[in-house]
Amino acid sequence: MSEPRVRRAEIAVEQNHVDRVYARLAELRTQAESMRTKGYEIGHGAQREAVFEQASMLFERDMMVFHATQTLQTLDAEYEGLVFGKLDYSGADASQDTEPLYVGRLGIRDADFDNLVTDWRAPAAAAFYQATAEEPMDVVRRRVIRCSGQKVLDVDDDVLMADAVPEDMRIVGEGALMAALGRARGEKMRDIVATIQREQDEVIRAPWRGVTEITGGPGTGKTAVALHRAAYLLYRYRKQLGGAGVLVIGPSGVFTTYISRVLPSMGETNVELRALGEVLDGIEATRQDAAPLAAIKGSLRMRKVLLKALRAMPPEAPDEMRIVYRGEVLRLDARELDKVRRKVHTQGGPPNRSRIRAAESLLNALADKAEEYASADGRTIERAELINDLGERIDFHRFLVTWWPVLYPAQVLGWLGDERRLAKASKHVLSRDEISLLAASMSDRTRGWSVADIALLDELRVLLGPPPKRRRRDSRLELDAEQTRDSTTVRDRHRPEHYDEYSHIVVDESQDLSPMQWRMIGRRGRYASWTVVGDPVQSSWPDPEEAAQARDTAFGSRTARRRYTLRTNYRNSAEIFELAAKVVAGHAEAGDLPHAVRTTGLVPEVRTIERGTAEGAVQAAVKELLGSVEGTVGVICAMDRVGELRRWLRGQADERLKIVGSLDSKGLEYDAVVLLEPTELITESTTGRRVLYVALTRATQQLTVLASDPDWLPDQD
């Protein structure tokens, strides 16, 4: 049976059990409501009884109503996603019950007191979090069940005892591959499986304090290991980690949606999944900048640019001040006002917290001017009286709020769309070409913010300081009026905005983070331990040394630092990975590449096409692969051609077909892949061949490359 059919069949199996659970839940709810009603009836009856019996009856009423109400509240609170896990045991231990054990948000038994769901906090459920391939605790298969309400959406399996999987047990997801490897003939393959399980188990159980780094090439299971580690740590060290919460950061929204199937909620809202474009509260970005522009925005140099920009005169601020004091006009020109502004900024502190200091400096400048005028006329003035009088004038405060306004991150970042203003802020920091490229990006607000912009907005949030407190109109970061009105990305959470007290942070695809993004994430992890996942060979960031510096700053002074390397690629076929390794040769040491252990006999097909025939070639290749595999087919191209390919394939009405740009393919996988024009992937990125390497390793079964330029493939002999 094909993998999609197996998945559908297994979803149906779990749906049948979930239906039983919710039917029983409805019975329990009816019973609780009946008990509450009966309690109220007892209370009414107590009014007719003798006084000495009333107290006893009222106590009985109160207890019944209280218990029934508590039961109803519990049933209602845990209704959503009630069942999220399942354990299948080997039965090797005669004392072990071999019936499947379902794990959920609370324990439920049927009318005969047989177990339907085990509360995740019960000792019997511990294996769901603690069992690993190295120490399986007699668990053959661990299944994560993803539900919406009463409907089972998907299932995903881990195989912990590959050699004990019964022939009739159907495995779904990545676990199916591990089971197949374990069943393969020959001790060599079994040794490989044992090695994979051993090295993954070591990472999952590593100490929770400090920083745990997980590196490894495509298909080595880095992400799955990191997520299982998060689940294990939360269960094993719940008192230390559970209250403050865990933050999981992935490269894209598509990716975080995928991993949400792997990491169950564990009965409480203490795990947050966010893409890089969603880290800043109140805004969501999905658009990727072109590589040269992203390299500018992500560099630590941008912090200097932002600092200079926010200290400059706001575009709409007045460049002259005139105020009448006792019949005399006191005037401060642009040069004098700029001097006052520089003095305030020199004293330090975020601008939004410096308005009082700005007012004092402005009043002193006016007093200096008044003394200057008086001295010329041979007069004297009472300086303190002047400052006090002007400080209470409404016209002074009107000037102050326009000259030293409250600033917002989006507002300041938007200023950089003015190339002359940007050039002044980035003098001796950015080149002329970089200034032009950045200004063009910031002046075009029609496409919204990019993923790289989010880190700049977060940097400005900190540099500017919070605005003065006023009547709360919205819980979001006030980016600008239009963004605040239109945003629909606010999360309903109990934590305050810009929460920075997470106990543990998981960062996936860390090799692609820019220095500015590391600064943004580091603010959320000031008190956290870390699990960091990445592969330097897949890096799309052009300056790894600068990124490493920012990463180490984000980690802070944590002394515990451990590094694990996963070396076995069990997802890509050896035939596919051989082509990918050839492409990245010269950009990675041999020891940095994993070893692919699975062979299929299907060699990747490289087709030479004419430039004008790409549309037909893509359509033909996609049709062939949709017909030869029953799983997903991905079409990967340069980022700026995604829209074009979607038009080409509009007639392919198949939900298995996915079209994605090179950078957005990171962390994803497909049963088959069509890759268009590999040279374009190389030229669009500052780390070209590394990006192509990523794209070539997305396929698990079949790969077709369509190329009009042969230079992408070195050493073709």
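How many of the 15 residues of helix 6 are buried? Select residues 222–236 and you'll find 13 of the 15 buried, so helix 6 is largely enclosed by the rest of the structure. Buried here means under 20% relative accessible area, with a 1.4 Å probe and protein chains only. Helices (H or I, at least four residues) and strands (E, at least two) are DSSP runs, numbered from the N terminus. Helix 6 reaches 21 Å from its first C-alpha to its last, close to the 21 Å expected at 1.5 Å a residue (1.5 Å times one less than its number of residues).

A word on the source: this is a predicted model, where local features need pLDDT of at least 70, side-chain atom pairs count only at pLDDT 80 or more, and totals for chains, interfaces and linings use all residues. Residues are numbered from 1 along each chain as its sequence is written, and side-chain values use heavy atoms, with hydrogens and water left out.

Next, pick the open sheet of six strands, ordered 3-4-2-1-5-6 with mixed pairing; two strands pair if DSSP finds at least two bridges between them. Strand 3 (108–109) and strand 6 (151–159) are at the edges, each with a single partner strand, so one side of each lacks a neighbour in the sheet. Zoom in on strand 5 (residues 139–148), which pairs with strand 6 in the antiparallel sense over eight bridges; Ser148 has Lys151 as its bridge partner in strand 6.

Last stop: strand 18 (residues 633–637), with five of its five residues buried. Parallel to strand 18 run strand 19 (residues 657–661), joined by five bridges, and strand 20 (residues 670–676), joined by four. Click Gly634 to find its partner Lys658 in strand 19, then Val635 for Val674 in strand 20.

Notes:
Buried < 20%, exposed > 50% of the residue type's maximum accessible area, 1.4 Å probe, protein only.
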